[in-house]
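Good morning, and thank you for joining. I would like to take you through one model, beginning with a sheet and ending with a helix.

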Amino acid sequence: MNILTFDDEEKLNEAGANIIAGILQTKPRAVLGLATGGTPVGIYRQLVQGFQRGLFSFRQATTFNLDEYVGLPETHPESYHSYMRRHLFGHIDLPPEQAHIPDGNAADLEAECRRYDALIERAGQFDLQLLGLGHNGHIGFNEPSHALLRGTHIVDLAAETRRANARFFASPDEVPKRAITMGVGTILKAKMILLVVRGADKADIVRRALTGPIATDCPASLLQTHPHLVVLLDREAGRNLS
Ligand code: PGA
């Protein structure tokens with residue numbers, strides 16, 4: 001595990017964007033696992049700038065997002081479809097048919113999970129999986145539980161997760177109760193995992209995830225088993241690490 005801690009948020013963003021850019025430069029047909037939430041916004045902004053400067057292209061790449069809310073229209077500004085268009089897809093040359101996000105409005109959600117896993121299987125090993133970290137240790141929407149699932153599945157969002165995400169909605173009640181998420185098996189299969197965490201409010205869970213016991217009540221602790229984990233932290237998120 002390689003942990004890099006930054007005093008400067010823009011340097012952190014640049015480091016994250018450079019890792020992704022480097023993959024696209026050496027392997028234009030890269031398969032990238034992408035994340036949403038507040039954490040990666042600055043990394044996407046830097047990636048868009050690099051793309052606009054002609055440093056790399058997404059034309060041959062394939063992407064898979066980790067998750068999407070169930071029952072939130074894709075056109076809702078807080079759907080992860082909207083988020084990805086706003087922060088990345090709307091500004092780069094990635095062909096829409098190569099950008100995959102699970103469909104949280106599918107009539108048959110179980111069939112949608114199987115469809116998503118089949119697409120992932122066909123694409124082959126992800127070159128990189130970008131991850132944020134939930135306050136409760138979730139990765140994607142794999143919430144703490146007595147057991148974790150390998151493949152894509154439907155989850156009931158933890159109360160803590162809904163509270164944390166309420167900041168993006170007009171009222172806490174508007175936060176969807178369920179989501180569709182990639183499983184931890186898919187996440188751990190990536191060649192490289194890039195975990196990005198910011199803020200003092202995540203300092204405890206960073207310590208628990210990276211140095212505590214490996215247990216399903218902290219899904220991110222499973223990342224300790226990954227042979228190629230890179231962690232980017234701001235100073236506050238890393239302050240409880242010795
Ligand atoms: P955040 O979410 O980036 O909005 O803090 C991270 C997560 O819940 O995985």
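Which residue in strand 8 is the bridge partner of Ile 154? The partner is Ile 180. Please keep in mind throughout that this is a predicted model.

Let me place that pair in its surroundings. Strand 7 and strand 8, the latter covering residues 178-181, run antiparallel and are joined by four bridges. They belong to an open sheet of three strands, ordered 4-8-7, with antiparallel pairing. Strand 4 (67-69) and strand 7 (153-156) are the edge strands, each pairing on one side only. On average, and with direction ignored, neighbouring strands of this sheet are turned by 25 degrees against each other.

I turn now to helix 2, residues 41-52.

The buried residues of helix 2 are Gly 42, Ile 43, Tyr 44, Gln 46, Leu 47, Val 48, Gly 50 and Phe 51. The elements that cover them include helix 1 (9-26), helix 3 (80-87), strand 2 (31-34), strand 6 (128-131) and strand 9 (193-197). After helix 2 comes Gly 54, with a positive phi near 80 degrees.

Terms used: Residues are numbered from 1 along each chain as its sequence is written. This is a predicted model: local features need pLDDT of at least 70, side-chain atom pairs count only at pLDDT 80 or more; totals for chains, interfaces and linings use all residues. Side-chain values use heavy atoms; hydrogens and water are left out. Two strands pair if DSSP finds at least two bridges between them. Helices (H or I, at least four residues) and strands (E, at least two) are DSSP runs, numbered from the N terminus. Axes are lines fitted to C-alpha atoms, for helices over the stretch in contact, and angles run from 0 to 180 degrees between N-to-C directions. The expected span of a helix is 1.5 Å times one less than its number of residues. Buried means under 20% relative accessible area, exposed over 50%, partly exposed in between (1.4 Å probe, protein chains only). Contact means heavy atoms within 4.5 Å.
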